[in-house]
Amino acid sequence: ARVEYWNHYASIFSDWILFGERFYSGYPHNQYLEILVRFGLLGIPLLVFSLFIFSQIIHRFLIKKEKKDFELVLISAIFLFSYLSSLTSLNLEMNRAMWLGLGYFFGYFTKTRSFSN
């Protein structure tokens with residue numbers, strides 16, 4: 001079914017790219033494609049935000065191993081699992097752990113940036 005949805009959205013690309021598909025139903029099981037199909041070009045800030053938070057977590061906590069706080073490690077693990085699973089399952093409404101993680105890390109990165117200046 002996923003391939004059928006992807007082919008469908010690819011075939012009507014010009015119908016949804018600007019403002020998203022009208023009366024959107026049926027999700028493509030991929031966070032990035034779903035954001036674009038739902039919101040069109042207006043979804044690009046959300047897509048960039050999602051990629052920015054994900055890349056910051058990978059860079060700071062997996063590559064640099066910046067912090068070793070239990071709460072942060074636990075929320076990072078839950079977020080990374082839900083984020084990666086959002087690329088193959090669930091729709092945007094059902095992936096609450098991903099949204100919780102995006103909000104948590106947005107606050108965390110905003111707080112650490114303001115205190116480090």
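## Aromatic pairs and a buried serine

There are 12 aromatic pairs here, counting Phe, Tyr and Trp rings (for Trp, the six-membered ring) with centres within 6.5 Å; planes under 30 degrees apart are stacked, over 60 edge-to-face and the rest tilted. This is a predicted model, in which local features need pLDDT of at least 70 and side-chain atom pairs count only at pLDDT 80 or more, while totals for chains, interfaces and linings use all residues. Residues are numbered from 1 along each chain as its sequence is written, and side-chain values use heavy atoms, leaving out hydrogens and water.

Let's look at one pair. Phe-54 and Tyr-83 are stacked, 4.4 Å centre to centre with 10° between the planes. They link distant parts of the chain, 29 residues apart: Phe-54 sits in helix α4 and Tyr-83 in helix α5 (helices are DSSP runs of H or I, at least four residues, numbered from the N terminus).

| Residue | Relative accessibility | Class |
|---|---|---|
| Phe-54 | 17% | buried |
| Tyr-83 | 0% | buried |

Both residues belong to one aromatic cluster, whose members also include Phe-61 and Phe-79.

Now for Ser-86, in the loop between α5 (70-85) and α6 (96-116). Ser-86 is buried, at 4% relative accessible area. Its side chain makes a polar contact of 2.7 Å with that of Gln-31 (N or O atoms within 3.5 Å, where within protein one must be able to donate a hydrogen and the other to accept it, and residues adjacent in sequence count only if both atoms are side-chain atoms).

Terms used: Helices (H or I, at least four residues) and strands (E, at least two) are DSSP runs, numbered from the N terminus. Buried means under 20% relative accessible area, exposed over 50%, partly exposed in between (1.4 Å probe, protein chains only).
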